[in-house]
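Please look over the sequence and the model below before reading on. The report then goes through some of its contacts.

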2 protein chains.
Amino acid sequence: MPDNPNPTATRRSVGITQVASHAGVSPGTVSNVLNRPERVATETRERVEAAIRELDYVRNSSGSSLRSGRSDCVGLLVLDVTNPYFTEVARGVEDEAVDAGLAVLLLNSAEEHTRQERNLRLLAGQRAAGAVVMPIDDDLSDLRWLSKQGIPWVALDRGDVPTEEGCSVSVDNEAGGLAAGRHLIGLGHERIAFLTGPFSIDQVHRRHLGLTQAVSEAGLDPDTALDLVHVPQLNPEQGEKAVDAVLAGGPRQRCTAVFCANDQLALGFLKGLGRRGLRAPDDISVMGYDDIDVAALVHPGLTTVAQPKYKLGRTAMSLLQGHFDNPEHRHERRLFTPEIVLRGSTAAHRP
Amino acid sequence: MPDNPNPTATRRSVGITQVASHAGVSPGTVSNVLNRPERVATETRERVEAAIRELDYVRNSSGSSLRSGRSDCVGLLVLDVTNPYFTEVARGVEDEAVDAGLAVLLLNSAEEHTRQERNLRLLAGQRAAGAVVMPIDDDLSDLRWLSKQGIPWVALDRGDVPTEEGCSVSVDNEAGGLAAGRHLIGLGHERIAFLTGPFSIDQVHRRHLGLTQAVSEAGLDPDTALDLVHVPQLNPEQGEKAVDAVLAGGPRQRCTAVFCANDQLALGFLKGLGRRGLRAPDDISVMGYDDIDVAALVHPGLTTVAQPKYKLGRTAMSLLQGHFDNPEHRHERRLFTPEIVLRGSTAAHRP
DNA sequence: CACCGTGATTGAAACGTGTCAATGACAATC
DNA sequence: GATTGTCATTGACACGTTTCAATCACGGTG
């Protein structure tokens, strides 16, 4: 790291031209060293590289992407930066991007349409190489617009994107619900509550379908074996508030297990239980969905359905790379199967 | 949103020139409409705006920042994208940036020197307008390099940055430790364990100083009233493993409260307690530090020292803005005072 | 009527890079 | 020795925007 004797920030920025004259070659050669090193003779290349180091040159990516038309930036549009589910995905996307020499522009739609639209416009303005996006709903018009701008994208957690429209990476929510149901039924539970948000959220709707299927295949009647408890949002507060509703269990016999559509709900539920002096799994078995980090941290540990979040992110990013320099790329739909993680919050039903 | 009849992505991108000819004006005028609308007559401005809408023009930021020298991107370099502490800060930075019409490039140093350096080079390449950085240690040479590149920055969570070098925003860790100590002592605890990582981490070292001060001012002898338990990392696993060490309490009488340097440690500790059939606060009072979301989610709720994370992020970003178009800006150091959040994990000591 | 001032618009010149046809050097082949 | 081919390098232009001096139109003033 060459120390500039001048203490104040150097104003004139050093460009490809300065490097060229310092190395006694033409700007074109410097550009070649940077982009296609194999085309330039070893001796000159080393001279140029020395000049780059001496002048502490760093390539101006504005100029670069203006000329070449492509940028080394990809966008990642998430629904909520603070949600641990998304950050794990983000880590996967980032790691894969770093390996490919790409920078990740993290954008947050905060589940608002206007912000989603604004952020996509921003990506278009950057002429980003591509985008990994978690759409806030099943309206694809924003993404179609992005395609029209020539920016490829991969949808995350949206299994319902037609392959003519774009790539998607998601987890089989029905399989997840099914596995959860089988687990609880296998433990002897015959009255199960499903604590969930509105079914307009496709993901939780599918989890319910899977759960119902598990009940049916066990020879139980979904109408009596399943208890549906709806809350407006999938957050801990709602989970805590729902304890009474779940324990009441309607006019019929009280349920012995609750499957929450989401870990956040489940954690809130566990807390609510504790407040009332009750415990999982002694008083009721509790299951979550997602396997966020905290699920392992509470006592008892939360049995849950794990989504391969990190892998989801990496896969999305690598799928996106398939689009680059390859206009005739066919879109793909990748579906992962979730896995049950057994912890202490579920146990066999003692009749 | 004008629907292009051509189903395939439009290849030729529409630029300022297309808009100009479509509106019957010169490119310069279009640029003026975009950047200094007040200079152009209302009538022509409306015509240009109509053209922009009709052609669905979006400004190419590469061209823009190449010419103008400034970019509308700021970098945010965090130590760990998945850490809830940082994501909350990130949200603050982002909100403030959005308000200022800036995009945030989120970068992750993963606590590695090489990655920190690479990410800062990337920002320099983008000619970013500025950067909010959480440095991985007290070595400022990378940041000095950034300054030399003409990119202003604000350090986060590093109170020890001299104001000649740059701005910083941080929280008073000594005050936090002091407040925690006073709280526990006020509850009657006279033997307190401090569960912590290595003191080479400046933040936790300062928290310990505060704690010691609280003990002294209460007329207790730090040597006998404080019990130091060191673990290599500040994560939940270490917290869980440390339970035995804390409960053993050395040759002297067992401590009745534990102050963890970090919520993650505290949560692990709580889990470890549960595993052994013990409970906070009945068997031991437990305090954390940070007030991450989950702290409110466990049962009992974790009493902790809250850092104003969101505000920290917003402040850093607004401080950064002070640098723009203002080369003679004087650096500032902003110090926040943390606040105790009382929950269920601490209680009065019953002798 | 000539002159000036004001406000709106224009045209051309950059910004730093990638690309590509053209040039040059030099060895191999006929 | 003339021709061809290969490989390394060069020079000039283009990408889309901003900027700024120059131009133009037009109403007011002397």
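This is a predicted model: local features need pLDDT of at least 70, side-chain atom pairs count only at pLDDT 80 or more; totals for chains, interfaces and linings use all residues.

Residues are numbered from 1 along each chain as its sequence is written, chains are lettered from A and ligands numbered from 1 in the order in which they are written, and side-chain values use heavy atoms, with hydrogens and water left out.

**DNA strand C**

DNA strand C is surrounded by 24 residues, where a residue counts as near if one of its heavy atoms lies within 4 Å of the strand. The closest are A:Ile16, A:Tyr57, A:Arg67, B:Thr29 and B:Thr44. Of the atoms of DNA strand C that come within 4 Å of the protein, 66% belong to sugar and phosphate.

Four helices each supply at least two residues of this surface: α2 (27–35) and α4 (61–68) of chain A, and α2 (27–35) and α4 (61–68) of chain B. Helices here are DSSP runs (H or I, at least four residues), numbered from the N terminus. The most comes from α4(A), with four residues. By class, the surface near DNA strand C has six nonpolar, twelve polar and six charged residues. Ala, Val, Leu, Ile, Met, Phe, Trp, Tyr, Cys and Pro count as nonpolar, Asp, Glu, Lys and Arg as charged, and the others, Gly among them, as polar.

**DNA strand D**

Around DNA strand D there are 24 residues, and the closest are A:Thr29, A:Thr44, B:Ile16, B:Tyr57 and B:Arg67. Sugar and phosphate make up 69% of the atoms of DNA strand D that come within 4 Å of the protein.

**Polar atom pairs**

| Residue and its atom | DNA atom | Distance |
|---|---|---|
| A:Ser13, side-chain N or O | phosphate oxygen, DNA strand C | 3.4 Å |
| B:Thr29, side-chain N or O | phosphate oxygen, DNA strand C | 2.7 Å |
| B:Arg67, polar side-chain atom | base nitrogen, DNA strand C | 2.8 Å |
| A:Thr29, polar side-chain atom | phosphate oxygen, DNA strand D | 2.6 Å |
| A:Ala41, backbone N or O | phosphate oxygen, DNA strand D | 2.9 Å |

**Two helices of chain B**

In chain B, the axes of α6 (residues 113–126) and α7 (residues 141–148) come within 10 Å and cross at roughly 10°. The axes are lines fitted to C-alpha atoms over the stretch in contact, with angles from 0 to 180 degrees between N-to-C directions. α6(B) and α7(B) are therefore roughly parallel to each other, a term for angles under 35 degrees.

Note on methods: A polar contact is a pair of N or O atoms within 3.5 Å; within protein, one must be able to donate a hydrogen and the other to accept it, and residues adjacent in sequence count only if both atoms are side-chain atoms. Angles under 35 degrees count as roughly parallel, over 145 as roughly antiparallel, 65 to 115 as roughly perpendicular and the rest as oblique.
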